[in-house]
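Hi everyone, thanks for coming. Have a look at the structure on the screen, and then I'll walk you through a few parts of it.

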Amino acid sequence: MTGESTSNPKNETIDSSSPYYIHASDSPRQMQTNDPLTDNNYSDWVQEMANFLFAKNKMGFVDGTIPKPDEKDGTYMPWMRFDAMIKGWLTTSMEKTIRGSVKYANTSAEIWVDLKERFGKESAPRAYE
């Protein structure tokens, strides 16, 4: 096995440009942003995280362009594995109280949408600060 590809359960080579590729050095507990997400830094955090996910070719999992397949689909288990990795990346880069509020989300896309709804809009009190 080379650093350029990895094997799937059917022993087929997966191209490193595939969204279903995970590098051997990737782990769910890696910190992917300079600072963890807090109540005050969403715009910086989301920009860094989106850049990281784009570079890893995983943005489609959080923006919904790679939707969760049906359980009978052959890509269901790989999709679940990759989504679990992304959920780990997202939650590792959050303050503990925020992480606790999203830990029951079923998918990384649910976390992404929830954070955007909570922090993406400038509220009047936040704008005042």
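Let's begin with accessible area: that comes from the Shrake-Rupley method with a 1.4 Å probe, and for residues only the protein chains shown count as cover. By that method the protein exposes about 8200 Å², with carbon and sulfur atoms supplying 51% of it.

Now, a word of care. This is a predicted model, where local features need pLDDT of at least 70 and side-chain atom pairs count only at pLDDT 80 or more, while totals for chains, interfaces and linings use all residues. Residues are numbered from 1 along each chain as its sequence is written, and side-chain values use heavy atoms, with hydrogens and water left out.

So what's in there? You get six helices and two strands, in the order β-β-α-α-α-α-α-α along the sequence. Those are DSSP runs numbered from the N terminus: helices are H or I with at least four residues, strands are E with at least two.

Okay, helix α1, residues 42–55. It packs with α3, residues 76–92, at an angle of about 150 degrees, and the axes are 11 Å apart. Axes here are lines fitted to C-alpha atoms, for helices over the stretch in contact, and angles run from 0 to 180 degrees between N-to-C directions. Since over 145 degrees counts as roughly antiparallel, α1 and α3 are therefore roughly antiparallel. Who touches whom? From α1 we have Trp 45, Met 49, Phe 52 and Leu 53, meeting Ile 86, Trp 89 and Leu 90 of α3. Contact, by the way, means heavy atoms within 4.5 Å.

Helix α1 also meets α5, residues 108–119: the axes come within 11 Å and cross at roughly 155 degrees. On the α1 side the contact includes Tyr 42, Val 46 and Ala 50, and on the α5 side Trp 112, Leu 115, Lys 116 and Phe 119.

Last stop: Tyr 20, in the loop between β2 (13–15) and α1. Is Tyr 20 buried or exposed? It counts as buried, because its relative accessibility is 18%, and buried means under 20% relative accessible area. Leaving out residues up to four places away in sequence, Tyr 20 touches several others, among them Ile 14, Phe 61, Trp 79 and Phe 82. Thr 75 is another one of its contacts: Tyr 20 and Thr 75 are 55 residues apart along the chain, with 9.1 Å between their C-alpha atoms. Across the whole protein, buried residues make up 38% of the 129 residues.

That's my tour, thanks!

Terms used
Buried < 20%, exposed > 50% of the residue type's maximum accessible area, 1.4 Å probe, protein only. Parallel < 35°, antiparallel > 145°, perpendicular 65-115°, else oblique.
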